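Reader: I've never looked at this one before. Could you walk me through it, one question at a time?

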Amino acid sequence: MTKFQIEILDTSSAPLVEAALVLLVNAFAEPEHYGQRRLQDELQAVDGRLYRQFFIAQKAGKIVGIGGVKAADWASKTHLLYLSAVAQEHRGQGIGRALLGARIEWIEKNFTSGRILVSSAKAKRFRDHGFTLVPKSGVDGRYLMLRRFAR
């Protein structure tokens with residue numbers, strides 16, 4: 001099995017951003033909610049209080065996974081994990097878990113305390129990383145998961 005590398009998406013690289021966009025468009029087959037234009041806008045990094053950052057997994061020079069993190073604009077010290085995807089042919093290799101770990105590590109390194117929220121149908125994956133289920137949060141088989149942190 002070929003190794004993969006996790007790194008922050010370099011938004012100044014048009015080829016990397018385009019490859020990330022293709023992966024997301026293919027993963028989220030909901031054009032009315034996750035249209036190409038919206039996903040393209042989301043991929044642009046934003047610094048500051050309302051930051052937005054993406055991490056990519058590359059294997060043999062090709063983007064095979066992506067995951068975003070951003071500040072919630074509706075609650076202080078709240079970080080959201082979102083737009084996570086692994087190319088279908090690369091699933092089951094630990095890429096999604098590695099992207100999750102990298103994002104948690106980045107948040108906890110850059111902020112002294114807070115909470116991380118994610119909506120997922122894969123509760124076990126998030127429990128393994130210290131998330132707890134938000135009671136009565138289930139909608140269409142997806143649940144809100146929460147992780148608190150402090151240094």
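Reader: Let's start with rings. Which residues form one aromatic cluster?
Author: A heads-up: this is a predicted model, where local features need pLDDT of at least 70 and side-chain atom pairs count only at pLDDT 80 or more, while totals for chains, interfaces and linings use all residues. Residues are numbered from 1 along each chain as its sequence is written, and side-chain values use heavy atoms, with hydrogens and water left out. Rings of Phe, Tyr and Trp (its six-membered ring) pair if their centres lie within 6.5 Å, and planes under 30 degrees apart count as stacked, over 60 as edge-to-face and the rest as tilted. The cluster is made of Tyr 51, Phe 55, Trp 106 and Phe 111.

Reader: What is the angle between the planes of Tyr 51 and Trp 106?
Author: The structure holds 7 aromatic pairs. Tyr 51 and Trp 106 form a tilted one, with 5.2 Å from centre to centre. The angle between their planes is 55 degrees.

Reader: How many residues apart are the two in the chain?
Author: Helices here are DSSP runs (H or I, at least four residues), as are strands (E, at least two), both numbered from the N terminus. Tyr 51 sits in the loop between helix 2 (36–42) and strand 2 (52–59), whereas Trp 106 is in helix 3 (residues 95–110). The pair links distant parts of the chain, its partners being apart by 55 residues.

Reader: What kind of pair do Phe 126 and Phe 131 make?
Author: Phe 126 and Phe 131 are both buried too. Their ring centres are 5.4 Å apart. Their planes are at 85 degrees, so the pair is edge-to-face.

Reader: Back to Trp 106. Which residues does it contact, leaving aside neighbours within four places in sequence?
Author: Contact means heavy atoms within 4.5 Å. Take Ile 8: it is 98 residues from Trp 106 in sequence, yet 9.8 Å away in space, C-alpha to C-alpha. The contacts of Trp 106 are Ile 8, Tyr 51, Gln 53, Phe 55, Val 69 and Phe 111.

Reader: How far apart are the end C-alpha atoms of helix 3?
Author: The buried residues of helix 3 include Ile 95, Leu 99 and Trp 106. The expected span of a helix is 1.5 Å times one less than its number of residues. For the 16 residues of helix 3 that should give 22 Å, which agrees with its end C-alpha atoms being apart by 23 Å.

Reader: Over which ring does the charged end of Lys 70 sit?
Author: A charge sits over a ring if NZ of Lys or CZ of Arg is within 6 Å of the ring centre and within 35 degrees of the ring normal. The charged end of Lys 70 is 4.4 Å from the ring centre in question. That ring belongs to Tyr 82.

Reader: And Arg 147, is it buried or exposed?
Author: Arg 147 is found in strand 7 (residues 143–150). Not counting residues up to four places away in sequence, it touches several others, among them Ile 104, Glu 108 and Phe 131. Its relative accessibility is 18%, so Arg 147 counts as buried.

Reader: What is phi of Ala 60 near?
Author: Most residues other than glycine have a negative phi. Ala 60 sits in the loop between strand 2 and strand 3 (62–71), and it is exposed, with a relative accessible area of 72%. Its phi is positive, near 55 degrees.

Reader: Where is Lys 77, which also has a positive phi?
Author: Phi of Lys 77 is near 55 degrees. At 52% relative accessibility, this residue counts as exposed. Its place is in the loop between strand 3 and strand 4 (78–86).

Reader: Zooming out, what radius of gyration does the protein have?
Author: The protein has 4 helices and 7 strands, and 42% of its 151 residues count as buried. The radius of gyration is taken over C-alpha atoms, and the globule rule is 2.2 Å times the number of residues to the power 0.38. A compact globule with 151 residues would come out near 15 Å, which agrees with the protein's 15 Å.

Conventions
Buried means under 20% relative accessible area, exposed over 50%, partly exposed in between (1.4 Å probe, protein chains only).
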